Amino acid sequence: MPVSGAIVEIEEGTEEAVLSGLARIPEVSVYGMKENRIVIVIDGGSLGVIEKSTNRIQSMEGVTGVFPVYSTIDE
Amino acid sequence: MNLTRRQLLKYTAAIAAASAIGLDLPIPKGLEAAAQADKWTKGVCRYCGAGCGVYVGLKGGKVVTVKGDKDNWNRGLLCIKGNFLAPILYASDRAKYPLLKKGDKFERISWKEAMDLMVSKFGESVKKNGMDSIAFYGSGQAFTEESYFMTKFFKGGLGTNNIDGNPRLCMASAAVGYVTTFGKDEPMGAYDDMYHADCFFLIGSNMSEAHPVIFQIVNERKTKGKDVKLIVADPRKTLVAKKADLHMSFVPGTDLAILNAMAHVIIKENLHNKNFVGKHTVFKTMVDPGPPPKIEKVTWDAYVKFLDEYTPEMAERVSGCRKGDIIKAARWFAQSKATSSYWCMGLNQRTRGVWANNLVHNLHLLTGQICRPGATTFSLTGQPNACGGVRDGGLLSHLLPYGRLIVNEKDREEMEKFWGVPKGRINAKPGPTAVEMFRSFNKGDIKCLWVACTNPGQSLPNLSPYRKGMESKDTFLVVSEAYHPSRTSELADLVLPAALWVEKDGTYGQSERRYQYIEKAVEPVAEARPDLQVMIEFARRLIKFIGRDDEAKKLFPYKNTEDVWNEIRLASKGTAYDFMGMTRARLKKAHGMQWPAPTEDHPGTVRRYTAKYGDVLVKKFDPQAEDISFYGAKADGNRATIWLRPHKGPAEPADSDYPFILTTGRQLEHWHTGTMTYNVPELKRAAPYGFLEINPKDAQQLGVKSRDKVRITSRRGSLVMEAKVIDVPRPGLVYASFHDPDKLINIITNDAFDALSKQPEFKICAVKVEKA
């Protein structure tokens with residue numbers, strides 16, 4: 001099952017809304033935040049889940065980009 | 001703290017993401033103490049050839065943690081192994097004292113006793129049986145200074161070419177591939193090309209597990225660039241393959257047909273770059289394999305005719321790869337703005353490894369996808385200093401330092417003069433390569449062998465006869481190792497405890513020609529010594545022992561590693577490798593420098609063979625060149641070679657007796673023979689042992705489930721392993737990593753080797769699999 005570490009870039013003033021949106025996605029854990037960037041880990045059952053979560057985050061109000069920086073797989 | 005593998009992976013993913021934005025994450029409970037460092041030194045990761053820059057955290061005189069260097073190419077990222085580097089130094093099985101085997105047991109002896117014995121054994125053998133009765137087997141993990149020193153000592157000091165190293169097992173085909181195509185070894189491009197490429201062609205590379213930090217760049221490019229295409233040619237459905245826009249699965253050993261078919265499509269569809277081909281290439285074929293091979297130049301028309309038979313349909317019949325995929329891959333390769341190819345052992349560890357390398361280069365030369373940002377043909381390296389120490393430094397048995405060859409009289413004379421040894425000292429005949437060396441040791445032709453910083457008792461193919469030879473009482477085996485017992489040191493007559501990684505200082509050169517200095521951070525454990533110190537003492541004493549007193553000091557005047565490094569710079573001066581600008585002082589400050597760097601104000605060279613993108617040596621070696629010049633290939637008018645290389649299958653295809661193909665490789669959590677990673681509790685817990693991957697369709701026919709014990713048997717050996725039923729290997733293929741010291745998969749593999757590179761075919765052998 002794949003695991004992906006990613007950075008979510010957001011617009012100023014949208015922190016609360018985005019963090020609350022991320023909390024509603026069960027496979028996403030938030031690890032920290034610096035300036036307008038949030039560190040998350042997506043713990044997916046499949047690559048499809050990771051992709052679906054990434055797309056869902058990408059479409060959130062205030063999110064300007066989702067950038068996976070580390071992916072690995074554990075099956 | 002008892003992290004599960006899942007938690008460990010999640011934590012590593014979080015650290016990697018946090019590192020990329022300069023965020024320090026809270027450390028999980030139980031790991032906080034380890035992370036509090038009070039001093040940091042600069043270095044390089046000890047594992048793969050990616051060469052990630054690191055900072056080493058010290059507390060109370062001990063290494064407690066490691067973090068990625070944000071200012072280096074790896075941007076602060078480290079993989080799971082790199083994140084847990086510190087414990088490798090403090091493992092309970094570190095070799096602490098010299099040990100001598102007496103009967104079946106090892107007994108502690110002093111360094112003086114150890115060196116006296118070694119000098120007398122090697123020296124007596126030289127006196128009685130000649131110079132070629134002794135040998136040295138080195139490593140792509142040794143520092144450049146160590147490998148260069150041993151090259152000089154054996155080839156210049158003793159006059160024997162009985163010196164080779166483990167890069168023969170992993171990179172030799174890539175090295176010979178570059179030399180035969182471009183005239184000189186090593187990639188012309190850099191990791192920076194990944195940021196400019198819009199088409200990635202990965203073949204025979206499980207980048208996500210073997211080079212995870214490099215894979216992050218590909219991953220990012222795929223995510224950010226909507227038009228970025230990823231083509232993966234691999235018989236396994238790896239994570240990289242799963243991420244690909246096009247996964248070309250094929251029967252192992254048939255990729256030469258696929259690569260030729262891609263060239264066929266490119267030409268048939270008029271997608272080749274006529275101007276580039278006309279200006280920068282020649283065509284050659286091998287008319288007689290020799291030795292020595294007889295080569296003839298041919299014409300473009302002959303090349304086109306040669307490719308006639310390699311239709312996509314023919315390649316599909318041979319390889320099982322769909323013809324539509326071959327056509328699509330060829331079009332994407334040729335029509336993208338910038339295509340980069342990356343490969344690793346899947347191409348190199350083959351009896352046709354050099355040819356496979358040539359055929360990838362062919363595609364770049366045909367399409368002009370080379371020598372500009374994003375367009376390059378790049379061999380990824382397995383070890384941290386295979387490029388820097390062994391390929392560049394000339395440790396392999398056919399090489400001399402910095403692109404010079406043993407068979408070339410002018411090169412020999414140049415090095416004899418440089419080293420100050422009598423004319424004719426360097427033996428004109430290349431020495432035995434890795435497998436040949438161990439065969440010779442088995443026969444007793446080589447009587448004394450010194451193995452340093454590597455583990456051939458686990459890593460050689462067709463292991464059983466070589467282990468028997470290493471254990472023989474009729475020969476003398478010295479093993480310099482940081483750990484004991486390893487699967488090699490257990491066979492030794494004499495074990496010398498070696499300082500490891502930041503217990504000494506020296507230089508590593510990684511895949512993209514980047515050299516980096518590793519600062520000494522701590523004292524070696526117990527009586528362990530840096531290999532260079534031991535090598536210098538042994539060399540001085542052996543040279544004296546054989547009656548060349550006058551040379552003993554003159555040849556080896558070094559006081560420290562910097563003295564050796566400065567000689568290395570001089571040896572490279574004026575060559576296509578020119579390191580003169582890479583002073584120790586600059587390397588200490590820089591986050592790596594890429595050669596050529598001919599002067600002390602030169603910033604290093606990101607892309608070779610192109611004046612437009614900064615290679616100053618183009619004008620030096622080829623003053624008439626407007627931009628691109630393959631100046632290593634002077635005899636061909638500074639043009640690269642497009643080779644006519646026919647499809648040839650593996651040495652041992654599957655058959656009715658042995659119906660499966662076994663391929664071996666790497667696993668994310670472990671590295672090579674596991675001496676280091678199996679000593680890291682977090683990694684060992686995450687991946688405790690080796691297993692055999694079996695495709696679900698095959699498993700069903702065999703009546704095997706995951707975790708069942710299966711017996712895998714080849715013509716050379718048999719082993720019981722745990723099965724992992726998973727849709728990763730294609731049907732007919734089984735896969736195992738070679739890391740687990742308790743499951744020696746190499747007793748199964750084949751020691752047949754490539755006629756040109758002498759690299760063995762680890763990747764393909766025929767096996768049968770039964771429920772145990």
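## Confidence in the model

For the complex as a whole, the ipTM is 0.95 and the pTM is 0.91. Chain B has an average pLDDT of 95, and 98% of its residues score at least 70. Where pLDDT is low, the predicted coordinates should not be read in detail.

## Chain B as a whole

Chain B contains 29 helices and 29 strands. Its C-alpha atoms occupy a box of roughly 70 × 60 × 55 Å along the principal axes. The radius of gyration of chain B is 25 Å, which agrees with the value near 28 Å that a compact globule of 772 residues would have.

Of the 772 residues in chain B, 62% are buried.

## The nonpolar core

In soluble globular proteins, nonpolar side chains tend to be buried together. The largest nonpolar core in this model has 268 residues. Those with the most contacts inside this core are Val8(A) from chain A, and Ala17(B), Ile231(B), Ile258(B), Met262(B), Ile712(B) and Val734(B) from chain B. Helix H1 of chain B, residues 5–20, gives the most to the core, with ten residues.

Leaving out residues up to four places away in sequence, Ile258(B) touches Ala233(B), Met248(B), Phe250(B), Ala315(B), Ser319(B), Cys321(B) and Ile326(B).

## Where the chains meet

The contact between the two chains involves 26 residues of chain B and 22 residues of chain A. On the chain B side, H1, helix H9 (212–224) and helix H10 (239–243) each supply at least two residues. H1(B) makes the largest share of that side, with ten residues. By type, the chain B side divides into 15 nonpolar, five polar and six charged residues.

## A buried strand in chain A

Strand S3 of chain A covers residues 37–43, and seven of its seven residues are buried, so S3(A) is largely enclosed by the rest of the structure. Both of its faces are covered: Arg37(A), Val39(A), Val41(A) and Asp43(A) lie on one side, with Ile38(A), Ile40(A) and Ile42(A) on the other. Charged residues are thus part of the picture too, with Arg37(A) and Asp43(A) among those buried.

What are the pairing partners of S3(A)? Strand S1 of chain A (residues 2–10) pairs with S3(A) in the antiparallel sense over seven bridges, and here Gly5(A) has Val41(A) as its bridge partner. Strand S2 of chain A (residues 28–34) is also antiparallel to S3(A), over six bridges, with Val28(A) bridging to Ile42(A). S2(A) and S3(A) form a hairpin with two residues between them, and Glu35(A) in the turn has a positive phi of about 50 degrees.

## A buried strand in chain B

In chain B, strand S23 (residues 640–644) has five of its five residues buried, so S23(B) is largely enclosed by the rest of the structure. Ala640(B), Ile642(B) and Leu644(B) point one way from the strand, while Thr641(B) and Trp643(B) point the other way.

Strand S11 of chain B (residues 281–288) runs parallel to S23(B), and five bridges join the two. Through one of these pairings, Val282(B) has Thr641(B) as its bridge partner in S23(B).

## Two exposed loop residues

Asn408(B) sits in the loop between strand S16 (404–405) and helix H19 (409–419) of chain B. Asn408(B) is exposed, with 12 other C-beta atoms within 10 Å. Lys429(B) is 21 residues away from Asn408(B) in sequence, and their C-alpha atoms are 9.9 Å apart.

Arg707(B) is found in the loop between helix H29 (696–702) and strand S26 (709–713) of chain B. With 10 other C-beta atoms within 10 Å, Arg707(B) is exposed. Not counting residues up to four places away in sequence, Arg707(B) touches Glu722(B) and Ala723(B). Glu519(B), 188 residues from Arg707(B) along the chain, is 44 Å from it, C-alpha to C-alpha.

Terms used:
Residues numbered from 1 in each chain as written. Chains lettered and ligands numbered in written order. Predicted model: local features only at pLDDT ≥ 70, side-chain atom pairs only at ≥ 80, totals over all residues. Core = buried A, V, L, I, M, F, W, Y, C linked by C-beta atoms within 7 Å. Buried ≥ 20, exposed ≤ 12 C-beta atoms within 10 Å, placed from the backbone. Helix = DSSP H or I, 4+ residues; strand = E, 2+ residues; numbered from the N terminus. Contact = placed C-beta atoms within 7 Å. pLDDT = per-residue confidence, 0-100. Rg over C-alpha atoms; globule rule 2.2 N^0.38 Å. Pairing = 2+ DSSP bridges.
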